[in-house]
Amino acid sequence: MRIVIKLIAVLAGTPIDTAMGVRFVEGYGFEVKGYHVSLSPEEQSLLQVVHPEKLYEIVSGLLGDMKSIGIETVFVYCNSISAAVDMDKLSIAHHLRIITPLHIYVEMGLEYGCLGVLAANNQSTHGIERAIQEKSPLTQVIGTGMLKLVNAVESGMSPEKIIGTYELPSLLNFYLSAGCEAVILGCTHFSYFYEELKRTSPLPLIDPTVRMIEKIREDTCLEA
């Protein structure tokens, strides 16, 4: 039985990546309302690393707001929130269907023996590694946290300049030499330079957002 969706909530970290997520989901024909947990990448990172209990309360409150206006499906357009907050627990508590990047990473762990992860901070790389190894304990994960990339995206720096300034091809070559079979872009901000980076990457790059929307489309339909 296919579920009829009236409205999808996009939950992300800052106003900028929330807007990116809203545009992405709207591109697939859904009506969308965006919610953010912080005003800047630095504030978001501090919540994840230093104040996880406060972040949990903020996210839970936003989910309550979503539920109160009839939203039943939440698209988490933020890898680091997914890694820092137990979204499966909140899904049960609020009776909401919540799709997160971590669901995709679990699948990647079943496909690969060694994965590189490029994320916003090391809290995120830890959460992604934990999600993968809970289902695939033999899969090795090599992670890098780099908040400067998030700031560069939010500042409007071009994809080409971001890739060159932070020498991302060198990092990808390191992952290759370390035995990685693919690299996860563990921050939804990084979709911004995915296409450009893919052109020179020696390894497959995994951007989870497309697979997330496919999960929603598999068993849902738009309201007539």
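In this predicted model, there are 6 aromatic pairs. Two of them share Tyr77. The table lists both.

| Aromatic pair | Geometry | Centre to centre | Angle between planes |
|---|---|---|---|
| Phe24 and Tyr77 | tilted | 6.3 Å | 35° |
| Phe75 and Tyr77 | stacked | 6.4 Å | 25° |

The Phe24 and Tyr77 pair links distant parts of the chain. Phe24 belongs to helix H1, residues 15–26. Tyr77 sits in the loop between strand S4 (73–76) and H4. The two residues are 53 residues apart. Phe24 and Tyr77 are buried. Phe75 is buried as well. Why does the Phe75 and Tyr77 pair count as stacked? Its planes are 25° apart, and planes under 30 degrees apart count as stacked.

The contacts extend to a group. Phe24, Tyr28, Phe75 and Tyr77 make up one aromatic cluster.

Another ring has a charged neighbour. Lys33 lies over the face of Tyr35, at 5.6 Å from the ring centre.

The structure contains 1 cavity of 30 Å³ or more. The largest cavity holds about 90 Å³ of space. Its lining has 15 residues, and the closest to its centre are Gln44, Ser80, Ala120, Val150 and Cys187.

Which helices each supply at least two residues of that lining? They are H2 (41–49), H4 (79–84) and H8 (147–154). H2 gives the most, with 4 residues. By residue class, the lining of the largest cavity divides into 6 nonpolar, 8 polar and 1 charged.

Note on methods. Residues are numbered from 1 along each chain as its sequence is written. This is a predicted model: local features need pLDDT of at least 70, side-chain atom pairs count only at pLDDT 80 or more; totals for chains, interfaces and linings use all residues. Side-chain values use heavy atoms; hydrogens and water are left out. On a 1 Å grid over the protein atoms alone, a cavity is a set of points where a 1.4 Å probe fits but cannot get out, and a pocket is an open set with protein on both sides within 12 Å along at least five of seven lines; lining residues have an atom within 4 Å of a point. Grid points are joined across faces, edges and corners, and a volume is the space filled by probe spheres set on the points. Ala, Val, Leu, Ile, Met, Phe, Trp, Tyr, Cys and Pro count as nonpolar, Asp, Glu, Lys and Arg as charged, and the others, Gly among them, as polar. Rings of Phe, Tyr and Trp (its six-membered ring) pair if their centres lie within 6.5 Å; planes under 30 degrees apart count as stacked, over 60 as edge-to-face and the rest as tilted. Buried means under 20% relative accessible area, exposed over 50%, partly exposed in between (1.4 Å probe, protein chains only). A charge sits over a ring if NZ of Lys or CZ of Arg is within 6 Å of the ring centre and within 35 degrees of the ring normal.
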